[in-house]
Structure formats: C-alpha cells, structure tokens
Amino acid sequence: MSNGELLINNLSLKFENNIIFKDVNLNCSSGSITIIKGKNGSGKTCLLQCICSVIPKHFAGIVEGEIALENSKTHSPSYFGYLMQDPDKQLCFPFIEEELFFGAENLKRDIDDFNTDYEMLLEMFPVLKQEDIETSELSFGQKKILLFSAMILKNPLIFLLDEPSAGLSEDYRMKFVDLILSLKKKGKILIIAEHETFFDNIGDATIWM
Ligand SMILES: Nc1ncnc2c1ncn2[C@@H]1O[C@H](COP(=O)(O)OP(=O)(O)OP(=O)(O)O)[C@@H](O)[C@H]1O
Ligand SMILES: [Mg+2]
C-alpha cells in the first residue's frame, strides 16, 4: 500500500553560529524504516524535530533545505507522530484515558479501524486498561508505551521515534519491534533515532549524523 513519499533535500540546521548538521538528504518511501544513528549530541533529535517542524516552530533554529511529502493519498490533517526521547516532556494529560484518546478523538478516525488498533494495544500492554490511573504514577517505560499507543491510535502517516527502546525491558522492546513492523506493513513511513543496535536489522536504510 503506497501512502506517499517523504523527501528531504539538503537539510541544514544551525543555532546562531553553531552548525548542528549540514546537507542531510533522505528519501523515505511508504512502508519503509529509516534508522538515524550517531553519538550523543550528533543531532539525531534535532533532525527529527526539523522534519516535523518543532524546529523552528517551537525552538528557534535556522533551518535550510526542503522537506516535501509527495504522492500522498492521505487526507489526514496530521501527518506526523513524534515520540520524544523523554516521555515526561511529552505527557499532556493527568490520566491514561485522556492521553490515550485525545489525538484520535480530535482527528475523528474511522471507528472500526480505531477499535482494531485499540484491542491489539490492550492485549499487548495491559497497563492501558487502567484508564483512571494518573500518568505521573507510571514508570518511564510505561509512559513510553502510553505515548506510542496514543500515536498509533491517532494514525499519522509518518512516525518519528526518538530512542524508542531506551528504558524498555527486553520483552517490551520486542513488542515495539512488532508494532513498528506492523506499521511498516500498513504503509507508514518510520524514522527512528537510536544509538543502540537494537533496531539495526529492521531498518531499510541507515543514516549517520
Ligand atoms: N534548542 C536548542 N538550542 C541550541 N542548541 C541545541 C538545541 N537543541 C539541541 N541543541 C544542540 O544540538 C546538538 C545536537 O543535539 P541533539 O539533541 O539533536 O543530539 P542527539 O544526537 O539527539 O543526542 P543524544 O544521543 O544524546 O540524544 C547538541 O550539541 C545540543 O546541545
Ligand atoms: Mg537525542
């Protein structure tokens, strides 16, 4: 299933006079997984933030180059899902239920597709059943599970995942791999920043920062 292609041409970022990266080129087709690797501070998070416009919309950086979505048949008002490196910076709501459903409710997804995804997620992650638990009571890994699940329910075309395996136990890492592969199968575009080797063998392409 082809949903479109994300094209990144000569993308460069600097903060004042500090060049973070220069001339990054990337073609991500529907149903592909791209892994971004590089040492601490090499610009992985900044690249994801430029792709979804967090930089320069929320953090003032100087961005040059082109980011285009071509041949998209999707009519979703929201193309991007961005899973931040630190879930505590991303959680918006006090209870699991609101965090899980807010994006999907806002975008008014098809109810049957939503229910299929929701049932799959409940089976994988029983913690999501405790809808009235406060998100502040969750562990670091459970917060990531909640945020990734909320993103899947929201159903964007492009998933930007920043260090998704960090802080997860082995069994949950395997579940994240399964989810990522099922999103690939649905024709999603996945870009994953990860300095561990964990996702290396599921990537279609790797770029080094
Ligand atoms: N808003 C900002 N303003 C100024 N400099 C920033 C900003 N955000 C990031 N930087 C700088 O950009 C560089 C790249 O940071 P980034 O967070 O993208 O690295 P990273 O590759 O994701 O590192 P890590 O593996 O530790 O997550 C760092 O030197 C950082 O200090
Ligand atoms: Mg980072």
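**Sheets, helix packing and the ligand shell**

Helix 1 lies across strand 3, strand 5, strand 6 (158-162) and strand 7 (189-193), and runs at about 150° to strand 7. Helices (H or I, at least four residues) and strands (E, at least two) are DSSP runs numbered from the N terminus. Contact between two residues requires that their C-beta atoms, placed from the backbone, lie within 7 Å. Axes are lines fitted to C-alpha atoms, for helices over the stretch in contact, and angles run from 0 to 180 degrees between N-to-C directions. The model is a predicted one, in which local features need pLDDT of at least 70 and side-chain atom pairs count only at pLDDT 80 or more, whereas totals for chains, interfaces and linings use all residues. Residues are numbered from 1 along each chain as its sequence is written, with chains lettered from A and ligands numbered from 1 in the order in which they are written.

Helix 6 also packs on this sheet, where it touches strand 5 and strand 6; the direction of helix 6 makes about 175° with that of strand 5. The sheet is open and has five strands in the order 5-6-7-3-8, with parallel pairing; two strands pair if DSSP finds at least two bridges between them. Strand 5 (80-83) and strand 8 (205-208) are the edge strands, each pairing on one side only. From one strand to the next, the twist averages 15°. Strand 3 (residues 32-37) pairs with strand 8 in the parallel sense over four bridges, and Ile36 has Ile207 of strand 8 as its bridge partner. Strand 3 is also paired with strand 7, again in the parallel sense, over five bridges; here the bridge partner of Thr34 is Ile191 in strand 7.

A further open sheet consists of three strands in the order 2-1-4, with antiparallel pairing. Strand 2 (18-29) and strand 4 (62-70) stand at its edges with a single partner strand each, so one side of each is left without a neighbour in the sheet. Direction ignored, neighbouring strands of this sheet are turned by 5° against each other on average. Helix 1 packs on this sheet and touches strand 1, strand 2 and strand 4, its direction making about 120° with that of strand 1.

Strand 1 (residues 5-15) and strand 2 run antiparallel and are joined by eight bridges. Leu11 has Val24 in strand 2 as its bridge partner, and Leu13 stands opposite Phe21 in strand 2. The two strands form a hairpin with two residues between them, and Glu16 in the turn has a positive phi of about 50°. On its other pairing, strand 1 meets strand 4 in the antiparallel sense over eight bridges, with Asn9 opposite Glu66 in strand 4.

Two further backbone features were noted. Most residues other than glycine have a negative phi, and most peptide bonds are trans. Asn10, which is found in strand 1, has a positive phi of about 50° although it is not a glycine. A cis peptide bond with omega of about 15° joins Ile55 and Pro56, and Pro56 is found in helix 2 (residues 54-57).

The axes of helix 5 (residues 111-124) and helix 6 (residues 140-154) come within 9 Å and cross at roughly 160°. Helix 5 is therefore roughly antiparallel to helix 6, a term applied to angles over 145 degrees, with those under 35 counted as roughly parallel, 65 to 115 as roughly perpendicular and the rest as oblique. The crossing is right-handed, meaning that the near helix is turned clockwise from the far one by less than a right angle. Helix 5 contributes Phe114, Asp117, Tyr118 and Leu121 to the contact, and helix 6 contributes Ser149, Ile152 and Leu153. Five of the residues of this contact are nonpolar, one is polar and one is charged. In this classification Ala, Val, Leu, Ile, Met, Phe, Trp, Tyr, Cys and Pro count as nonpolar, Asp, Glu, Lys and Arg as charged, and the others, Gly among them, as polar.

Around ligand 1 there are 13 residues, of which Phe15, Asn40, Lys44, Thr45 and Cys46 come nearest; a residue is near a molecule or strand if its C-beta atom, placed from the backbone, lies within 6 Å of it. Helix 1 (residues 44-51) gives the most to this shell, with three residues. The shell comprises four nonpolar, eight polar and one charged residue.
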